[in-house]
Amino acid sequence: MGRLIHFEIHVDDMERAKKFYGELFEWKFEDWSEYAGMPYFGAVTGEANELGINGALMQRQGCSPEPGQAVNGYACTMGVEDYDVTEAKILNLGGKVAMPKFALPGMAWQGYYIDTEGNTFGIHQPDENAK
């Protein structure tokens, strides 16, 4: 069975992307550029004893996604404690709404956003009362 163990977010502007994800989700970054042979920063997304995975920001190797383009790859979703506070931070940091907040009835609030690099990602707040 293949288990997801790492993710990569392709970025045009490394410092802008580090600021966006660092301020939004409090991720920490480690410079792994020497190993990758290109700008490549490991993203530590939480404590080792927490459920989840770490990943990286890597320099985009081709054209940026066009606005309105279908997702070409995987859309990662981050768990959050307060959906509305997180959405306000996303917008304040330069992100945009891709699909507004909607209920997964009896389970959670979900929505999708475009980061500063044109990539789609989701946020998910568990809530049994969502409807």
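Student: Quick one before we start: what counts as a salt bridge here?
Tutor: A side-chain nitrogen of Lys or Arg has to lie within 4 Å of a carboxyl oxygen of Asp or Glu. Keep in mind that this is a predicted model.

Student: OK, what does Glu15 form a salt bridge with?
Tutor: Its partner is Lys18, and the closest N and O atoms are 3.2 Å apart.

Student: And where do Glu15 and Lys18 lie?
Tutor: Both sit in helix H1, residues 14–25, with a spacing of 3 residues, about one turn of the helix.

Student: Is Lys18 buried or exposed?
Tutor: Lys18 counts as buried, because its relative accessibility is 18% and the cut-off for buried is under 20%.

Student: Let's switch to Arg16. Which residue forms a salt bridge with Arg16?
Tutor: That's Glu117, with 2.7 Å between the closest N and O atoms. Glu117 belongs to the loop between strand S7 (108–114) and strand S8 (120–126), while Arg16 is in helix H1, so this pair ties together parts that are 101 residues apart in sequence.

Student: How accessible are those two, then?
Tutor: Glu117 is buried at 3% relative accessibility, whereas Arg16 is partly exposed at 38%.

Student: What about Glu23, which side chain does it meet in a salt bridge?
Tutor: Glu23 meets Lys19, at 3.0 Å from N to O. The two are 4 residues apart in helix H1, about one helical turn. Glu23 is partly exposed, with a relative accessible area of 41%, and Lys19 is partly exposed too, at 47%.

Key
Residues are numbered from 1 along each chain as its sequence is written. This is a predicted model: local features need pLDDT of at least 70, side-chain atom pairs count only at pLDDT 80 or more; totals for chains, interfaces and linings use all residues. Side-chain values use heavy atoms; hydrogens and water are left out. Buried means under 20% relative accessible area, exposed over 50%, partly exposed in between (1.4 Å probe, protein chains only).
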